[in-house]
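This report describes one protein chain for a reader who has the sequence and coordinates at hand.

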Amino acid sequence: ADNLPPPSETASLLQSTTISKFRLYGADPAVIQSLAGTNISLVLGVSNSDIASLASDPSAASNWVAANVLPYVPASSITVVSVGNEALNSGDASLASNLLPAMQNLRSALSASSATSDVKVSTVHTMAVLSQSDPPSSGAFHPDIAADLTGILGFLRDTGSPFMINPYPFFAYRSDPRPETLAFCLFQPNSGRLDAGSKLTYTNMFDAQVDAVRSALDALGFPEVEIVVAETGWPSQGDPDEVGASVDNAKAFNGNLVAHLRSLVGTPLMPGRSVDTYIFALYDEDLKPGPASERSFGLYRADQTMNYDAGLAKSTSSSSPSTATHGDGCRATACRGDGVDTAGGVVRAGGDAAGERRRPADPGGGAVLHPQRRRIACGLGGVSPLLVRGAGTAANVAQTPTLKQRRRKESKPTEVVESFRWSASHHSTHSKSIRIRCLLCSSRGYNKPSFV
């Protein structure tokens, strides 16, 4: 986009919401600095074009960290660096082979300083990495990327970093535009879908896609690697032939997704644990190529007015608040009566000694919080704007291949921190095009220039 507000105004917009995590496709200094002292944590991005140099030269990784991370911490909270975007499905074999060495060198460079040693390193994938996803229990990775992926997963496990994936129910609906599929994708009442393998019933596409990824990770031998949804969303408009792209559907999907994540119900395969989720996108992108829907994923217009209300504004996210501090530099506001603490982009579950608490009504399933503690997302109550890309058909719960492929249990109550991802392009005073995406997520924690 060429019409976005300056970083300072975007920082103010984010602070008026419950978003506490923000994802960028790059590492724009103005954006990073604008969020200093805001308690909004950042995911920075390394461009695909930089992967080869980072893989071949450890000093290049050290220079990247010195230029893009060290000058801004600890004033700005940087929690994850994503190396490349959808590299394994880019069609460039050299990217796939260089991805792990680049991640390793970047991790070594970050570990060299105590100020950045806790920053995680990961990479983002499309749903096209799965060869099978329906039913969810049959989830499996493509054999042709198994070698590269196994090495990456071993790295993620050893460093405690998340597996980042982009599931988009919107594209699943486009490939199977029946009313019952729409209800399933929008978290609306439906008869559910039984997974004959696991005997679990799914009431929404988001859970089915996430659990397919969980099954694939488990089948490959990495049950301890946590999942972060790096992008998901729904366009508010599209071309005449783009079924499902509308304001009503976008509001229903993102609003119900936020409610589902805040409920801490989790997925059928991972009950009681919400997955960190980044919603795409913060702003509409007027220059983005492709169908009209590609320019219409924003929660906000460029003038900072809402396309629709997804329930992220602080004034609509809590009631009868009382302020409390919950560590990690986060402040939360306790919502009386429902066992959930929310505020400043943080949602945290209350509970008794056993760690159980009934949650508010959840459009996607049950409402019991199990005795587990898991960080969901900073910024929102479990949701954020993201851009989704994927491949597949409605039958395998993935997204259309023709579009760009864009448990640890502890005996403590679940903790959810929401985050927001902003993706867009922006021309700064240095004539740099910047792109940002806003997301919601709960982990511990694009391809235009980035702007936070």
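Between which strand and which helix is the loop that holds Ala-281? The loop in question runs between strand 11 (276-279) and helix 11 (314-317).

## Basis of the model

The model is predicted: local features need pLDDT of at least 70, side-chain atom pairs count only at pLDDT 80 or more, and totals for chains, interfaces and linings use all residues. Residues are numbered from 1 along each chain as its sequence is written, and side-chain values use heavy atoms, with hydrogens and water left out.

## Overall composition

The chain contains 11 helices and 19 strands. These elements are DSSP runs numbered from the N terminus, with helices (H or I) of at least four residues and strands (E) of at least two.

Of the 452 residues, 61% count as buried. Buried means under 20% relative accessible area, exposed means over 50%, and partly exposed lies in between (1.4 Å probe, protein chains only). The accessible surface of the chain is about 15,500 Å², and carbon and sulfur atoms account for 52% of that surface. Accessible areas come from the Shrake-Rupley method with a 1.4 Å probe; for residues, only the protein chains shown count as cover.

## Backbone geometry

Most residues other than glycine have a negative phi, and most peptide bonds are trans. The bond from Phe-280 to Ala-281 is cis, with omega near 5°. The bond from Asp-134 to Pro-135 is cis, with omega near 0°, and Pro-135 is found in the loop between strand 5 (130-132) and strand 6 (140-141).

Phe-187 is not a glycine, yet its phi is positive, at about 60°. This residue is in the loop between helix 8 (179-185) and strand 8 (193-195), and Phe-187 is buried, with a relative accessible area of 2%. Lys-199, also not a glycine, has a positive phi of about 65°. Its place is in the loop between strand 8 and strand 9 (200-202), where Lys-199 is exposed at a relative accessible area of 62%.

## Packing around helix 5

Two packed helices are described by the angle between their axes and the distance between the axes. Axes are lines fitted to C-alpha atoms, for helices over the stretch in contact, and angles run from 0 to 180 degrees between N-to-C directions. For helix 5 (residues 93-111) and helix 6 (residues 146-159), the angle is about 15° and the axes are 9 Å apart. Helix 5 is therefore roughly parallel to helix 6; angles under 35 degrees count as roughly parallel, over 145 as roughly antiparallel, 65 to 115 as roughly perpendicular and the rest as oblique. The crossing of helix 5 and helix 6 is left-handed, a term used if the near helix is turned anticlockwise from the far one by less than a right angle, with right-handed used if clockwise. By class, the contact of helix 5 with helix 6 has seven nonpolar, four polar and two charged residues. Here Ala, Val, Leu, Ile, Met, Phe, Trp, Tyr, Cys and Pro count as nonpolar, Asp, Glu, Lys and Arg as charged, and the others, Gly among them, as polar.

Helix 4 (residues 58-68) packs with helix 5 at an angle of about 55°, with axes 8 Å apart. Helix 4 and helix 5 are therefore oblique to each other, and their crossing is right-handed. Helix 4 contributes Pro-58, Ala-61, Ser-62, Trp-64 and Val-65, while helix 5 contributes Asn-105, Leu-106, Ala-109 and Leu-110. Contact means heavy atoms within 4.5 Å. The residues of this contact divide into seven nonpolar, two polar and no charged.

Ala-216 lies in helix 9 (residues 205-219) and is buried, with a relative accessible area of 1%. Ala-216 and Ser-138 are 78 residues apart in sequence and 7.5 Å apart in space, C-alpha to C-alpha. Not counting residues up to four places away in sequence, Ala-216 touches Leu-130, Gly-139, Ala-140 and Phe-141. Val-210 is also found in helix 9 and counts as buried at 2% relative accessibility.

Gln-15 lies in helix 1 (residues 7-15) and is partly exposed, with a relative accessible area of 38%. With residues up to four places away in sequence not counted, Gln-15 touches Thr-38, Ile-40 and Lys-314.
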